[in-house]
Amino acid sequence: MFERRWWDDRILSWAMSDESVKVQMFRFVDVLPTLKTHDDIIRHLQEYFDEVDAHLSGAVRLVLEYSQPNTVLGRALALNALSNARRMAEQFIAGTKVEEVLQTVSRIRKQGFAFTLNLLGEAILSEEEADVYQQTYLNLIAGMAPQVNSWPEILQVDSDQQGPIPRVNVSLKLSALYSQFNPTDPLGTADAVKSRLRPIMRQARAHGSYVHVDVEQYAHKSLTTKIFKQVLMEDEFRDFPDVGIVIQAYLPEADRDLRDLLAWVKKRETPIWVRLVKGAYWDYEMVVAKARGWPVPVFRKKWQSDDSFERQTRFLMQNHQWLRPALGSHNLRSLAHAIAWAQMLNVPQSAYEIQMLYGMGGEQAQLFAEMGHRVRIYTPFGESIPGMAYLVRRLLENTSNDSFLRHSFVENISVEDLMMKPTEARTQTPQQPEEPVKSFVNEPHTDFSKADAREAMQQAIDEVAGQFGQEYPLIIKGRIVETQASIESRNPSHKSQIVGTVSAATPDNAADAIQAARDAFRKWSRLKPNYRAEYLELAAAEMRNHRFELAAWEVHECGKPWSEADADVTEAIDFCMYYAAQIRRLSVPQHCNVPGEENAYLYRPRGVVVVIAPWNFPLAILTGMTVAALVTGNTVVMKPAEQSSVTAAKLMEILTNIGIPDGVVNYLPGIGEEIGPELVGSPDVDVIAFTGSRAVGLSINREAAATDDRQRSVKQVITEMGGKNAIIVDADADLDEAVLGVVNSAFSYSGQKCSACSRAIVVEPAYDSFLDRLISATKSLQIGPAELPSTIIGPVIDEDAQCRIQEFIELAKQDCQIKLASSASEFAAEGYYVGPNVFANVDRNSRLAQEEIFGPVLAVINAIDFDEAIEIANDTDYGLTAGVFSRSPANLKRARQELQVGNLYINRDITGALVERHPFGGIKMSGIGSKSGSFDYLKQFMLPINISENTMRRGFAPLTDRQK
Ligand code: NAD
């Protein structure tokens with residue numbers, strides 16, 4: 001790639017000189033293989049480069065302008081783009097079919113190199129796809145080994161200091177051997193991966209071939225290494241020497257990983273190979289860690305990774321009898337350092353090898369081969385769609401500012417600088433500016449890939465199970481109030497388990513609670529906002545201290561799988577911290593003073609707030625509405641949903657423990673229909689904050705509008721209601737992402753999220769392949785009780801919900817085509833389960849496409865084009881969330897402008913809104929009011945007041961701030 005021919009194309013040099021052009025160019029290359037016609041290609045080319053028009057040279061602009069679809073120039077340009085991209089891909093990818101690959105590897109060997117083959121694949125989303133991945137490797141080994149082994153021997157590549165070594169060498173990813181690879185469930189994942197890995201190991205052994213396990217993102221590293229070790233400790237494979245794994249030097253943990261590996265290999269008594277690389281996921285790890293608020297697992301500076309690589313090289317050379325070094329790098333300094341250590345320690349030249357990527361740094365590979373080293377070429381092969389994604393990764397790497405190849409070939413950096421010791425390069429690394437401190441940061445979700453987090457969660461689940469069956473009375477004015485009637489809260493995963501028994505309030509109790517809140521209002525409302533904010537921070541701290549316990553209550557009471565329950569607790573913490581920060585901002589009066597007159601705009605609390613919450617985010621939503629009311633100086637009657645009243649009791653415990661004065665929050669569980677009229681109709685209530693179904697929300701709105709003579713204010717109603725959310729999958733969407741996004745959005749927490757996707761609207765050309773992959777991916781989801789870490793789809797909330805959803809499915813079957821029916825009948829005796837159901841070719845006007853079902857039921861709708869897709873998406877009364885998967889900048893622009901929803905998500909899941917980052921709430925019939933978790937949410941709980949004062953006395957007025 002660093003030959004003239006390449007640069008003649010000028011593509012990379014052009015991209016390197018301008019970051020924005022580079023981004024567009026690589027995005028275009030990425031989408032190219034999915035584009036079916038020349039018109040599509042031209043349209044995308046124009047859309048991408050339109051966005052960076054100002055950065056293009058005049059000539060390029062002119063060509064693009066005249067290359068309209070259907071013109072000769074347009075077609076020529078499309079062909080050119082396609083053939084150029086193909087040629088670029090061929091530089092890095094060995095071919096698609098085994099025959100092509102054979103030709104390539106034969107050429108590689110003739111040039112004096114060894115090879116390792118790696119299958120480029122689409123993301124593995126289903127068990128069928130994982131089977132295909134495994135089968136490809138089985139066929140590859142069986143198909144190639146007899147031929148390759150019959151080729152004439154090349155001593156330098158086919159043997160080490162002890163004799164012949166395998167010629168057929170494959171590299172694979174363990175995450176591709178199981179579609180549900182999930183570090184939260186290491187045991188289940190390991191079983192599934194091993195069952196597909198063993199046959200590959202067996203095949204390799206039978207054919208004298210070698211298997212290398214690649215290591216991918218950090219979250220998978222521990223589990224990948226564990227599975228590798230476990231399989232290779234099995235009697236059958238314990239003496240198999242032709243295996244290896246990767247160590248990533250960019251991880252500060254790499255030193256420890258390597259020491260652990262050595263200790264283990266000594267126990268195993270058979271050596272393995274270690275491919276030492278710096279690591280290919282640096283950008284990804286940085287982005288993910290920052291987005292999730294997790295510690296960054298990689299070194300931040302390039303020199304640190306280089307230094308780490310050198311330390312580990314030395315370790316490998318010192319222990320080469322056990323950990324056989326394979327040095328995967330293009331950095332001449334790193335490799336020279338390795339060779340020097342090998343010489344110092346008298347490690348035979350053939351006892352280690354150098355590995356380089358196919359299509360990169362060919363001259364270097366040649367140089368090392370000429371020096372007598374065994375150089376193995378990491379050779380990817382596969383179809384064009386994943387091939388393009390791989391190409392883009394390579395292009396990004398080559399054009400990265402840190403790339404050794406770029407430095408040495410393009411930027412002509414001096415040999416001294418290139419060969420500098422990493423620790424010396426340290427002083428030359430520019431200091432990065434410090435990031436500003438933010439007043440609010442989201443509470444990080446738990447990283448369940450860590451064993452201690454899994455243990456803490458499991459322990460909490462067990463401990464909470466030991467506390468089942470307790471009674472939870474009402475709490476009014478700080479006092480316990482027993483009632484005659486009660487609600488049994490059952491574990492939806494195991495319906496015979498009663499999680500707790502909760503008192504059910506009567507209308508009289510409701511009136512008492514309102515009175516208690518009214519009595520407490522005067523004092524609470526006069527407390528300084530900052531003090532109220534501190535209460536919220538205390539509540540957040542309590543939740544943090546009990547986060548696993550709280551999540552465990554949700555697992556048992558609401559059937560939330562681990563990560564869903566964990567996310568709900570963190571969201572509750574976020575609401576406390578965010579609203580605390582917001583009230584500090586809002587409590588500073590806005591002044592608009594002029595000489596002789598001071599004007600202040602400020603907020604006052606409204607009074608008594610009734611909070612009515614749903615069960616599906618049992619802690620977060622209840623907490624959000626409650627603490628918003630509290631921090632703004634109101635007092636609260638807290639009415640949780642019947643199904644989640646025990647979790648709500650835990651919130652009440654927290655609020656009591658932090659010392660919120662009696663009567664400021666009153667815990668009033670009960671049956672909505674029974675106490676709702678009193679709560680909504682009472683003249684003593686000022687605000688009703690409701691989240692739940694549209695039917696109840698609208699009835700509350702209606703009833704609250706009726707005024708009573710005794711009322712002191714017009715009631716403020718804030719309602720967050722349901723949705724019929726759509727995801728549009730465009731013709732050019734990345735199906736790896738679209739299928740996963742739709743599956744997660746439709747089926748996580750069994751579709752019982754207001755934001756859940758219940759309609760997938762797929763633009764015609766993508767329809768069949770999307771549907772096929774969607775069905776097989778959905779079939780592969782694990783159904784089970786929520787307390788198991790393997791569970792992706794748990795139960796639905798209760799028997800009513802189960803019957804309602806099942807009835808809906810039966811009804812829909814009459815006029816829609818069911819593509820995937822799953823009753824989860826194997827769990828029927830145990831709990832309230834409904835498996836995921838997918839209907840295809842659904843009529844956009846059918847009940848299935850119009851009504852909120854609130855369960856794991858997805859309607860897939862076919863749209864002729866993007867216009868129709870938008871029309872269908874908007875064709876509902878609701879307007880909560882929507883998503884679009886598309887790689888057309890123009891279509892995304894239209895989606896931004898035309899989709900009528902409160903929350904639009906582009907090329908990502910449509911659930912999992914985070915406080916501040918994704919303020920949440922719908923429009924149309926999905927809600928009244930501003931968004932929860934937004935900077936203006938709190939204003940709804942307050943009255944805006946303006947105070948003007950004449951400050952002039954006897955012709956004298958103090959100076960205003962501006963005059964001072
Ligand atoms: P629901 O409407 O049945 O119940 C919500 C709350 O209202 C419960 O506490 C219930 O006891 C109470 N209630 C019921 N009847 C009442 C009445 N007549 N007067 C006063 N209160 C009454 O809803 P749910 O089943 O708990 O939750 C699921 C619904 O909530 C779905 O429609 C979902 O879309 C919606 N939801 C919306 C959002 C959002 O932010 N937009 C968030 C979560 C849930």
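Helices here are DSSP runs of H or I with at least four residues, and they are numbered from the N terminus. With that in hand, a look at the ligand site of this predicted model.

**The ligand shell**

Helix α28 gives the most to the shell around the ligand, with three residues. There are 27 residues around the ligand, and A613, K639, S693, M721 and E852 come nearest.

| Residue | Protein side | Ligand atom | Distance |
|---|---|---|---|
| K639 | side-chain N or O atom | oxygen | 2.7 Å |
| G692 | backbone N or O atom | oxygen | 3.2 Å |
| M721 | backbone N or O atom | nitrogen | 2.7 Å |

How much of the ligand's accessible area does the protein cover? On its own the ligand has 840 Å² of accessible area, and the protein covers 88% of that.

**Over to helix α3**

Does the length of α3 agree or disagree with what its residue count predicts? Helix α3 has 13 residues (19-31), so at 1.5 Å a residue it should span 18 Å. The C-alpha atoms at its ends are 19 Å apart, which agrees.

The buried residues in α3 are V21, K22, Q24, M25, F26, F28, V29 and V31. When reading that list, keep the helix geometry in mind: an α-helix has 3.6 residues a turn, so residues three or four places apart point the same way.

Technical notes:
Residues are numbered from 1 along each chain as its sequence is written. This is a predicted model: local features need pLDDT of at least 70, side-chain atom pairs count only at pLDDT 80 or more; totals for chains, interfaces and linings use all residues. Side-chain values use heavy atoms; hydrogens and water are left out. Helices (H or I, at least four residues) and strands (E, at least two) are DSSP runs, numbered from the N terminus. The expected span of a helix is 1.5 Å times one less than its number of residues. Buried means under 20% relative accessible area, exposed over 50%, partly exposed in between (1.4 Å probe, protein chains only). A residue is near a molecule or strand if one of its heavy atoms lies within 4 Å of it. A polar contact is a pair of N or O atoms within 3.5 Å; within protein, one must be able to donate a hydrogen and the other to accept it, and residues adjacent in sequence count only if both atoms are side-chain atoms. Accessible areas come from the Shrake-Rupley method with a 1.4 Å probe; for residues, only the protein chains shown count as cover.
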